[in-house]
Amino acid sequence: LRLRAGVRRIVLRGGAAEGVVLDDGTEIAARCVLSSIGWRETLRLCGVPAGDLPPAGPISFVESISVLDVPPATLGMNETAVFYNDSPTFHYARPDETIDLRSGVVCSPDNFDYPSPVEENLVRVTCLANYDRWAALDASTYRLAKQSCYQRMAAAAARFVPDFRGHVLHADVFTPTTIERFTGHENGAVYGGPAKRYDGATGVENLFLCGTDQGLVGIVGALISGITIANRRLIRANS
């Protein structure tokens, strides 16, 4: 397990992947390489020219998480997730501005039917976002934009669920550039590119995809993808 170790390139010999080179120059050999950063991004690490890469996904979002001083259910927020849309047409596309408040998701993980109660007092709000708008901001403007977006998103959510804003102890926000930093997906494309590789194949021997570019989207989809491709491409192939 290598933490804070970015991958500079994938090592190819004879048309097959044989390992990776990290940002610090360390080379790690491997019989197979499993990549979760996306098809486009994986091929880029193989040295494929930019003009020959598949398109990056356009969909990203901003998400806030609020820690409350009481369980959300005590405020009357009993649902696990509330999807809202307040315009005549649902616009599932990259917005023109930093965020799109016309639709969103309000989630209270405390309300999941776990085997035992979870009392974290969390409320998440998610809205579609524009990567280019966020990437163009300097550091100080970026921080201010996150604060502004948090207030606007919380106000939008309060139209559809009980108003939790007076009970917030701490709040944090991630943006499309956060997604890019920690996942490698260009454009902060949290759901990957438009073309999926359901068999996990990349066209490079011993190099396979998992995650949202392979198949299903979202947290559950990414988890299932990792298990499926590891079983199909790594465990069975080497057993």
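Mentor: This is a predicted model. Start with the disulfides: the count is 0.

Trainee: What is a disulfide, in general?

Mentor: It is a covalent bond between the sulfur atoms of two cysteines. The rule used here asks for two cysteine sulfur atoms within 2.5 Å.

Trainee: How far is the sulfur of C32 from the closest cysteine sulfur?

Mentor: The distance is 13 Å, to C210, so the two are too far apart for a bond.

Trainee: Which residue is the bridge partner of C107 in β8?

Mentor: That partner is R124. Strands β7 (residues 103-107) and β8 (residues 122-129) are paired antiparallel, over 3 bridges.

Trainee: What is the strand order of the open sheet?

Mentor: The order is β6-β7-β8-β5-β9, 5 strands with antiparallel pairing. At the edges lie β6 (81-85) and β9 (168-174), each of which pairs on one side only. From one strand to the next, the twist averages 15°.

Trainee: Which strands does helix α4 touch?

Mentor: Helix α4 (residues 176-183) packs on the sheet and touches β5 (60-68), β8 and β9. The direction of α4 makes about 95° with that of β5.

Notes:
Residues are numbered from 1 along each chain as its sequence is written. This is a predicted model: local features need pLDDT of at least 70, side-chain atom pairs count only at pLDDT 80 or more; totals for chains, interfaces and linings use all residues. Side-chain values use heavy atoms; hydrogens and water are left out. Two strands pair if DSSP finds at least two bridges between them. Helices (H or I, at least four residues) and strands (E, at least two) are DSSP runs, numbered from the N terminus. Axes are lines fitted to C-alpha atoms, for helices over the stretch in contact, and angles run from 0 to 180 degrees between N-to-C directions. Contact means heavy atoms within 4.5 Å.
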